[in-house]
Amino acid sequence: MAYAHQIDYAQRVIDIRGLYKSFGPLKVLQGVDLDVFKGENVVVLGRSGTGKSVLIKIIAGLLPPDAGTVNVLGRHVSELSEEELRMLRLKLGFSFQNSALYDSMSIRENLEFPVSRNMPGMSKTALDDLVKETLDAVGLLNKIDRMPSELSGGQRKRIGIARTLMLKPEIMLYDEPTAGLDPVTSVEINNLINEVQERYNTSAIIITHDLACAKATGDRLVMLFEGKVAKAGSFKEVFASDDPEVQKFYNYNFIQ
Amino acid sequence: MRTTSLAFLSTKRHSGRFFYNCCAFTPAQGFDVCLYTAVRRCIFQKRISLANETTQQSGLGAQWEELTLGLYDAVRFLGRLFRQAIRPPFDFHEIIRQCFEIGYRSLPLITLTGFVTGIVFTKQSRPSLVSFGATSWLPSLIAIAMIRALAPLVTALICAGKVGSNIGAELGSMKVTEQIDAMEVSGARPFDFLVVTRVVASTLMIPVLAMYCAFVGLMGSFLNIYQNEKTSFITFISDAFEQIGFLDIGTSLTKAIAFGFTIGAVGCYKGFYASNGTQGVGKAANTAVVLSMFLIFIEELVIVQVSNWLR
Ligand SMILES: Nc1ncnc2c1ncn2[C@@H]1O[C@H](COP(=O)(O)OP(=O)(O)OP(=O)(O)O)[C@@H](O)[C@H]1O
Ligand SMILES: [Mg+2]
């Protein structure tokens, strides 16, 4: 926990109960319960294919759950109409595993797009200022007129995060923000996640395999195993456990 | 066991499950979503139960199911398309950009094919008219052929290849790289922005291109006729349009509008619902072309038949 921030344990921004999801015969989530409190960074750990991405896609309403309730900012995601879901999503920032930048648009247009689609009345200068301010926050103001294909993986991740920040979200969902990045860039991303939380006062779910990232950004860790939450608690609590699965994870990250 | 997917819903064993599936979805999602999900699930459950029961299903039955499911998806897509197209806000700016992409960028290809078609058709028709000494009929023959049949069809086939595959590949790659999901979660209404604008633009632009193609084709034909028969331009034009009535132009435009809509809608449908990574992108582009060409021929047949009844 690099930064001290306020967590309000009386207010749940995400509340998931008994979440099930399968794809045909493949059972992915089998009864996941998860809370995120206001101002909290929750790290979700788990091996590849345990359904971490599926979990946050369900939170964002991109995939329908098979069973269970998903409550985000007091609304049941699967019961919302199309328009209500759209309004809710404006309060979510989703940073995709592969950044998902719009590769036919420049960085500036990438950042302008969500705002101009949702607030068509915003003036050109105000929008321009907002783009510059946000790019400055992720430290990539000098790339404003580049195309996504001209950026490195780490830069793309940061632009992806910047794009979600344009709408001033209340909840950030990071899908593997440091995967495939070198340790130095990873540290930069970790700092960025913490800065975002300070600056925009967000709550967040951070999905990662990277324990350094988990340690640096997470207030609480949740470990998914075989479709369920296997362990939850602070970094120390989770890795004090002598559960072989947990230990395998730890050893892989720090001893290899 | 030859059953269609709807027939099996009526069998006793599956109807209970169907109603269960219907009820399992929240009414807030709307009736059509409930029904759709229920049908999908029934078919899926049936597939699993069939897989467990050792395969008795003939290939034909499975294909029927795929077909009904595909039709159902397509009808839902069209419903959504029409609903969103008439509902504000409208993305005029993007529609104009797409018109430019689809219309203007196809001009060179249409110019070339229209011109060549006109010349070739004139050259090929001449010998049979010469034997009757009726070469003066050439202009009206060419005009009828170009305006009634060739221009809309040639334009549509060229555009199915150029525009349809482009839309399929573009939306397909946006889909598989999660760019469409990213638009969705930022509340940017990707269906309106990507699909509606492209379908509207291609519905508007293909008729324009078809008229242009007819014009260029007639010019090609005129050059050839001028070279051989020394017919003046005025005579050529008045001969050419002697036989062309309002119905011909109306039918031709109707065809072009239908073709334009087909090209846009099929390309978007295949692209917007692409899956399976880069392989899916190629497949989306490819099936967009094949399916829209197939549909274009069917529409051609139907519209020509109807216009002949009207004549
Ligand atoms: N749209 C889909 N259709 C079918 N199966 C899917 C779909 N999305 C995910 N899956 C399957 O669900 C499982 C979980 O996928 P998910 O992407 O959530 O894994 P993950 O935990 O994010 O893994 P990674 O750490 O590698 O990103 C995988 O086995 C995947 O094959
Ligand atoms: Mg993932």
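## A strand wrapped up in chain A

Let's start inside chain A. All five of the five residues of strand β3 (residues 41-45) are buried, so β3(A) is largely enclosed by the rest of the structure. Here, buried means under 20% relative accessible area, exposed means over 50%, and partly exposed is in between, using a 1.4 Å probe and protein chains only. Helices (H or I, at least four residues) and strands (E, at least two) are DSSP runs, numbered from the N terminus.

In a regular strand, side chains alternate between the two faces of the sheet. You can follow this in β3(A): Asn41(A), Val43(A) and Leu45(A) point one way, while Val42(A) and Val44(A) point the other way, and all are buried.

## About the model

This is a predicted model, in which local features need pLDDT of at least 70 and side-chain atom pairs count only at pLDDT 80 or more, while totals for chains, interfaces and linings use all residues. Residues are numbered from 1 along each chain as its sequence is written, chains are lettered from A and ligands numbered from 1 in the order in which they are written, and side-chain values use heavy atoms, with hydrogens and water left out.

## The neighbours of β3(A)

Strands of a sheet pair through backbone hydrogen bonds, either parallel or antiparallel. Two strands count as paired if DSSP finds at least two bridges between them. β3(A) pairs in the parallel sense with strand β8 (residues 203-208) of chain A over five bridges, and Val42(A) has Ile205(A) as its bridge partner in β8(A). β3(A) also pairs in the parallel sense with strand β9 (residues 220-225) of chain A, over four bridges. There, the bridge partner of Val43(A) is Leu221(A).

What about β8(A) itself? Six of its six residues are buried. Ser203(A), Ile205(A) and Ile207(A) lie on one side of β8(A), with Ala204(A), Ile206(A) and Thr208(A) on the other, and both faces are covered. Strand β7 (residues 171-175) of chain A runs parallel to β8(A) and is joined to it by five bridges; Asp175(A) has Ile207(A) as its bridge partner in β8(A).

## An open, antiparallel sheet

Chain A also has an open sheet of four strands, in the order β2-β1-β4-β5, with antiparallel pairing. β2 and β5 (75-76) of chain A stand at the edges with a single partner strand each, so one side of each is left without a neighbour in the sheet. Strand β4 (residues 67-72) of chain A runs antiparallel to β5(A), and two bridges join them. In β5(A), Arg75(A) is the bridge partner of Val72(A).

## Around ligand 1

How many residues surround ligand 1? There are 14, and the closest are Ser48(A), Gly49(A), Lys52(A), Ser53(A) and Glu176(A). A residue counts as near if one of its heavy atoms lies within 4 Å. By class, the shell has four nonpolar, seven polar and three charged residues. Nonpolar covers Ala, Val, Leu, Ile, Met, Phe, Trp, Tyr, Cys and Pro; charged covers Asp, Glu, Lys and Arg; the others, Gly among them, are polar. β2 (26-38) and α1 of chain A each supply at least two shell residues, and α1(A) gives the most, with three.

Oxygen atoms of ligand 1 take part in polar contacts, which are pairs of N or O atoms within 3.5 Å; within protein, one must be able to donate a hydrogen and the other to accept it, and residues adjacent in sequence count only if both atoms are side-chain atoms. A polar side-chain atom of Lys52(A) lies 2.7 Å from a ligand 1 oxygen, and a side-chain N or O atom of Ser53(A) lies 2.6 Å from one. Val54(A) uses a backbone N or O atom instead, at 2.9 Å from a ligand 1 oxygen. The protein covers 62% of the 630 Å² of accessible area (Shrake-Rupley method, 1.4 Å probe; for residues, only the protein chains shown count as cover) that ligand 1 has on its own.

## The magnesium ion

Which residues coordinate the magnesium ion (ligand 2)? They are Ser53(A), through OG, and Gln97(A), through OE1, at 1.9 to 2.4 Å. Donors are N, O and S atoms within 2.8 Å of the metal (3.2 Å for Na, K and Ca), and water is not among the atoms, so sites may look incomplete. The pair links distant parts of the chain, 44 residues apart: Ser53(A) is in helix α1 (residues 52-59), and Gln97(A) is in the loop between β6 (92-95) and α3 (107-118) of chain A. Gln97(A) is partly exposed, with a relative accessible area of 35%.

## Chain B

Chain B has twelve helices and zero strands. Of its 311 residues, 45% count as buried. One of the buried residues is Thr155(B), at 0% relative accessibility, which sits in helix α7 (residues 138-176) of chain B. The side chain of Thr155(B) reaches the backbone oxygen of Ala151(B) at 2.5 Å.
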